[in-house]
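The sequence and structure come before the details.

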Amino acid sequence: MQSELGLDAVTLGYLGSAFSLTYAFAQIPGGILLDRFGVRFTYAVSLVTWSIFTGMQGFVRSFATLFGYRLGLGLCEAPCFPANSRILATWFPQSERARANSVYAVGQYAGTAFFSVPLVWITNQFGWRALFYIVGGAGVLFGLFWYGRYREPLESDSVSQTELDYIQAGGGLTPKTARVTFSFANAWKLLKRRQILSASLAMFCNNTVLVFFLLDFINYLGKERHMEFLDAGVWGALPYMAAALGVLCGGQLSDLLLKKTGSANIGRKLPIVIGLLLASCISLANLVPAGSNQLVIAVMCIAFFGQGICNLGWTVISDVAPKSMIGLTAGIFNFFTNLAGILTPIIIGYVLKYTKTYSAGLIYVAAMPLIGVLLYVFVLGDVKRLSID
């Protein structure tokens, strides 16, 4: 794609940020739509439309067109993680949310881990355009499947009253009457609560690491470590597997600590702090000598394992969000989270342009999780359901 469309490191960085530009700024509107129309309809529309924009990227002939489709992709995908948060808070009691979060969240890592090799193979065999056609088509089909299958707990024929009582006793279920109309005053009330603001900023720090892995990691292996494209695809799958394991381990550890201690502060904060510290180890790759590819992959596996643990941030926001504004709270949270997707590709693009190496970029990426540790330890406060008057 870089060769055919004439993309350099800086233009590639802007393409990477284009998705996050609309994705981040559409988070709050996406949360409003979610609170207004519910999970089933909003998620289905989001899935189908973002998949259409994915497929359309296979037709591009210029940077401008690709940039526009990337903007559309981010806009349409925006409601999805707020929807995930709402599902988590609705379907599960607090004692099970971290594990439930880990089960759904592992998909974004396991998908890349287990599909990176076949996707690289498709690209080698049929070209990069075919990759967009295939993935986009699969997404449209799944969006239709979602709309046909998903139901809220109170609307589902497969949920017994006993289970509904169990979910509700644990702080789950969000009745339709709990939804409120959006106002900037309500958004400001949410931002003034330190649990919401500090959790959002910490997730921004963590997402900086994720953005590097999603957009720059394979390029890093090729340009900095001189690995062949197919070899980079094979070896590059390992950190994603580590991240998937981190997501699952983090969920299990969090709920276990919550059960053993009865403290949401320990159960949620401690695993995230550990994950952030591990994620900051990514800068150690700068110390690995040339030719030691296995050691570089090992360092990246540790860092991405830690980043996976930090996906628990979504459990934290599900625990603290006011029941009447779960969609809006998750939208605000994901807005801050995805500012990292705007800044990180551009910063790394300019670093590559002027230094011709990823070293300074890795230091920047590693510094962000350490700021997240400070936020969780000294600013966040108690993890508990908030009420907004």
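## Terms and model

A residue is called buried under 20% relative accessible area, exposed over 50%, and partly exposed in between, with a 1.4 Å probe and protein chains only. The accessible areas come from the Shrake-Rupley method with a 1.4 Å probe, and for residues only the protein chains shown count as cover.

The model is predicted: local features need pLDDT of at least 70, side-chain atom pairs count only at pLDDT 80 or more, and totals for chains, interfaces and linings use all residues. Residues are numbered from 1 along each chain as its sequence is written, and side-chain values use heavy atoms, with hydrogens and water left out.

Helices (H or I, at least four residues) and strands (E, at least two) are DSSP runs, numbered from the N terminus.

## Cysteines

With a disulfide taken as a pair of cysteine sulfur atoms within 2.5 Å, the structure holds zero disulfides. Cys 76 counts as buried, at 15% relative accessibility.

Cys 281 is likewise in no disulfide; the nearest cysteine sulfur belongs to Cys 310 and is 12 Å away. At 25% relative accessibility, Cys 281 is partly exposed.

## Salt bridges

A salt bridge here is a side-chain nitrogen of Lys or Arg within 4 Å of a carboxyl oxygen of Asp or Glu. The structure holds five of them. One pairs Glu 4 with Arg 129 at 2.7 Å, N to O. Glu 4 lies in helix H1 (residues 2-5) and Arg 129 in helix H8 (residues 128-149), so this pair ties together parts that are 125 residues apart in sequence. Glu 4 is partly exposed at 47%, whereas Arg 129 is buried at 13%.

Arg 99 and Asp 255 form another salt bridge, at 2.9 Å, N to O. This pair links helix H7 to helix H13 across 156 residues. Arg 99 is partly exposed, with 32% relative accessibility, and Asp 255 is buried, with 4%. Arg 268 and Asp 319 also meet in a salt bridge, at 2.7 Å, N to O. Arg 268 is in helix H14 and Asp 319 in helix H16 (residues 313-320), so the two tie together parts 51 residues apart in sequence. Both partners are buried: Arg 268 has a relative accessible area of 0%, and Asp 319 has 2%. Through shared partners, salt bridges join Arg 99, Asp 255, Arg 268 and Asp 319 into one network.

## Cavity and pocket

Rolling a probe the size of a water molecule over the atoms shows where empty space is left. On a 1 Å grid over the protein atoms alone, a cavity is a set of points where a 1.4 Å probe fits but cannot get out; a pocket is an open set with protein on both sides within 12 Å along at least five of seven lines; lining residues have an atom within 4 Å of a point. Grid points are joined across faces, edges and corners, and a volume is the space filled by probe spheres set on the points.

The search of the whole structure finds one cavity of 30 Å³ or more. The largest cavity has a volume of about 40 Å³, and the residues lining it include Ala 202, Met 203, Ile 272, Cys 310 and Tyr 376. Helices H11 (194-215) and H14 (264-279) are the elements that give two or more residues to this lining, with the largest share, three residues, coming from H11.

The second largest pocket holds about 210 Å³ of space. Its lining has 14 residues, and Leu 33, Thr 42, Val 45, Cys 76 and Pro 79 lie nearest the centre. Helix H4 gives the most to this lining, with five residues.

## Surface patch

Patches are made of residues with over 30% relative accessible area and no salt bridge; like charges are joined within 9 Å, and nonpolar side chains (Val, Leu, Ile, Met, Phe, Trp, Tyr) within 5 Å. A nonpolar patch of about 620 Å² is made by Phe 114, Phe 115, Val 117, Val 234, Trp 235, Leu 238 and Met 241. The elements giving two or more residues to the patch are helix H7 (94-126) and helix H13 (229-261). H13 gives the most, with four residues. Val 234 is in helix H13 and is partly exposed at 42% relative accessibility.

## Positive phi

His 226 is not a glycine, yet has a positive phi of about 55 degrees. His 226 sits in the loop between helix H12 (217-224) and H13 and is exposed, at 65%. Lys 356, also not a glycine, has a positive phi of about 65 degrees. Lys 356 lies in the loop between helix H17 (326-355) and helix H18 (359-378), and is exposed at 66% relative accessibility.
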